[in-house]
There are 2 protein chains.
Amino acid sequence: MIRAAEARLAPVVRRTPLLSSPFLDEIAGRRVFVKAECLQHTGSFKFRGGWAAVSALNETQLANGVIAYSSGNHAQGVALAAKKHGTSAVIIMPEDAPALKIANTRALGAEVVFYNRATEDRDKIGDDMAAARGLTLIKPFNEPQVIAGQGTVGLEIAEQARAEGIMDAEVLVSCGGGGLTSGIALALEETAPNFKVRPCEPEDSDDVARSLRSGVLTGNAATSKSICDAIITPVSGDITFGIMKKLCGAGLTVSDGEAMLAMAHAFQRLKIVLEPGGAVALAAALFRPDDIKSDTVIAVATGGNVDAGVFARSLEML
Amino acid sequence: MIRAAEARLAPVVRRTPLLSSPFLDEIAGRRVFVKAECLQHTGSFKFRGGWAAVSALNETQLANGVIAYSSGNHAQGVALAAKKHGTSAVIIMPEDAPALKIANTRALGAEVVFYNRATEDRDKIGDDMAAARGLTLIKPFNEPQVIAGQGTVGLEIAEQARAEGIMDAEVLVSCGGGGLTSGIALALEETAPNFKVRPCEPEDSDDVARSLRSGVLTGNAATSKSICDAIITPVSGDITFGIMKKLCGAGLTVSDGEAMLAMAHAFQRLKIVLEPGGAVALAAALFRPDDIKSDTVIAVATGGNVDAGVFARSLEML
């Protein structure tokens, strides 16, 4: 399915670069490569999964339109994929999603419906609306076509790492529901079996790290206050967790402050814009040296849809 | 020479992506593509010319070391190329160069010597020091090997444009001494003859635009106060101007404020970090629609070595 998604994505996806800087290597104490998915269409890897899912729909489904729930990156990915397929998209977003993500989702032609993260269940809202209006729900992560689309990042990492002469590495992935993490793990299982995927999360939203430790899918107790909006999910999915449990190494966690500092380093050393959730894997690569074993680490920088004020605050940390 | 430089650069250069956003297309009123050379090693295209020149030296020259003068981007490009060739580099920089560029040049192992832009002649300082210490001077732009190295950007633009189905375009290039502009023009003359290169400058440092209008190589009257430090030169060179006069279209100029606003749009829409001088071509693409004829414009984003405070100020313009 990942190879099939790759073929459907080929005419539209951006092959994002694998960046590095001797200054980052020095901080981390090992070689650090950054897969810059913030440079993907819509500013995050989510375009891949959105396209993979929408391009797999049949004619009737495409005629009726799609629906998705998202804090903003999956929203934009699905909205652009829908628009380019000539169909309509309804996006259910949390009321406190970043203004930029809301504005972009609307600008891409989607109808935005808001919900309250603390008091409402977005899955139920999505299911109800899909049933009432005949829309196809594109789930953000616990959905095979979406995982397959995100997995194409792993195929590119394997090829680019080979070109750099990287024989083995830990691949750090900012992890919310686990669609990207599990997709990359599946892709690398075949194409770079010496690579080990490590999910990376904010400290107060570390459900995947805890679930991997206990072996049982567990959610977060309370609504996260982390600034890493892109990767805060109540709980990952049975499909994504099953894959991660089989293929991934232990999870890593970082503080919001470390994610913000990683954004600042990415600005200064790589000239890319990361959002807090998109910088979590790089933060782990830079600031958790004792929890990593391999000489080379590849951090997936998942997105860059950050409001200017938040970004400016990160720069004050330099 | 450009093809030979391409071969020497192949193992080390980063092939930078050609980015775009429907939001930028809307501002410009036409399709806008951005060649993101800010993602090149050392944060600017200058690594290409530095590598092309240093890799062309003979053994004696490599043993003695190199010298260069630069506001900071050529400095870093030459410093990294020298370091990777196992030779030493002396870099002559203006006293008021951005702190980041000075620090990076030193961190790359170069010896930094300062001069005053208003009262001293960097060419004379460079010539004297090269003679006294037996160093090979790597000129920043008016030097065939450097032009050939920068020209490899043009080869990539031609290939990437073809992949995007772009048949003709104006190629806007942030222009200081004209090394990159003339190199790209030479590369495109053969590989994409329908493309027209247009040099882009700050309003108060528009020597190339004026020289192209008059047909005579003319310098700037006074020291520029523009924030676009990377592309402020007293005058371009006889070699670079000769090429630009033969191959380029009319120059475009933008204000410092427009360059800063283009930085902010590149942050928000492309997730890349540009310095003011590196944003001048994008600024022209966005804010000079009446001076451009083609349906598609390709702006070369030349560098991203900007101090955090300046970048944060640009974000306030959003």
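Colleague: Thanks! Let's start with helices: are α5(A) and α6(A) roughly parallel or roughly perpendicular to each other?

Modeller: Bear in mind that this is a predicted model. The axes of α5(A), residues 73–84, and α6(A), residues 99–107, cross at roughly 10° and come within 9 Å. Angles under 35 degrees count as roughly parallel, and α5(A) and α6(A) are therefore roughly parallel to each other.

Colleague: Is that crossing left-handed or right-handed?

Modeller: Left-handed, as α5(A) passes α6(A).

Colleague: And which residues meet there?

Modeller: From α5(A) there are Ala75(A), Gln76(A) and Ala79(A), and they meet Lys101(A), Asn104(A) and Thr105(A) of α6(A). By class, the contact of α5(A) with α6(A) has two nonpolar residues, three polar and one charged.

Colleague: Okay, another pair. At what angle do α3 and α8 of chain A pack?

Modeller: Helix α3(A), residues 46–54, packs with helix α8(A), residues 144–163, at about 135°, and their axes are 7 Å apart. That makes α3(A) oblique to α8(A). The crossing of α3(A) with α8(A) is right-handed.

Colleague: Who makes that contact?

Modeller: On α3(A), the residues are Arg48(A), Gly49(A), Trp51(A), Ala52(A) and Ala53(A). On α8(A), they include Gln145(A), Val146(A), Ala148(A) and Val153(A). The residues of the contact of α3(A) with α8(A) split into six nonpolar, five polar and one charged.

Colleague: Now sheets. In what order do the six strands of the open sheet in chain A run?

Modeller: The order is β1-β2-β10-β7-β8-β9 in chain A, with mixed pairing. At the edges are β1 (18–19) and β9 (252–254) of chain A, each pairing on one side only.

Colleague: How many bridges join β7 to β10 there in chain A?

Modeller: Four bridges join β7(A), residues 170–174, to β10(A), residues 296–301, and the two strands run parallel. As an example, Leu172(A) stands opposite Ala299(A) in β10(A).

Colleague: Over to chain B. What is the pairing in its four-strand open sheet?

Modeller: Parallel, and the strand order is β5-β4-β3-β6 in chain B. The edges are β5 (111–115) and β6 (136–137) of chain B; each has a single partner strand, so one side of each is left without a neighbour in the sheet.

Colleague: And where does β3 of chain B pair with β4?

Modeller: Strands β3(B), residues 66–69, and β4(B), residues 89–94, run parallel and are joined by four bridges. Ile67(B) has Val90(B) as its bridge partner in β4(B).

Colleague: Which helix packs on that sheet?

Modeller: Helix α7(B), residues 122–133, touching β3, β4, β5 and β6 of chain B. The direction of α7(B) makes about 170° with that of β3(B).

Colleague: Last topic, the two chains. How many residues of chain A are in contact with chain B?

Modeller: 18 residues of chain A are in contact with 18 residues of chain B. Helix α14(A), residues 308–315, gives the largest share of chain A's side, four residues. That side of chain A has 14 nonpolar, two polar and two charged residues.

Colleague: What rotation superposes chain A on chain B?

Modeller: A rotation of 180°, with 0.0 Å of shift along its axis and an RMSD of 0.0 Å. That is the relation of a two-fold axis. In chain A, the C-alpha nearest the axis belongs to Ile272(A), at 2.3 Å.

Colleague: And why do you say the copies meet through the same surface?

Modeller: Because 100% of the interface residues of chain A are also interface residues in chain B.

How values were computed: Residues numbered from 1 in each chain as written. Chains lettered and ligands numbered in written order. Predicted model: local features only at pLDDT ≥ 70, side-chain atom pairs only at ≥ 80, totals over all residues. Contact = placed C-beta atoms within 7 Å. Nonpolar A, V, L, I, M, F, W, Y, C, P; charged D, E, K, R; others polar. Least-squares fit on C-alpha atoms with pLDDT ≥ 70 in both. Axes fitted to C-alpha atoms, helices over the stretch in contact; angles between N-to-C directions. Parallel < 35°, antiparallel > 145°, perpendicular 65-115°, else oblique. Left-handed = near helix turned anticlockwise from the far one by under 90°. Pairing = 2+ DSSP bridges.
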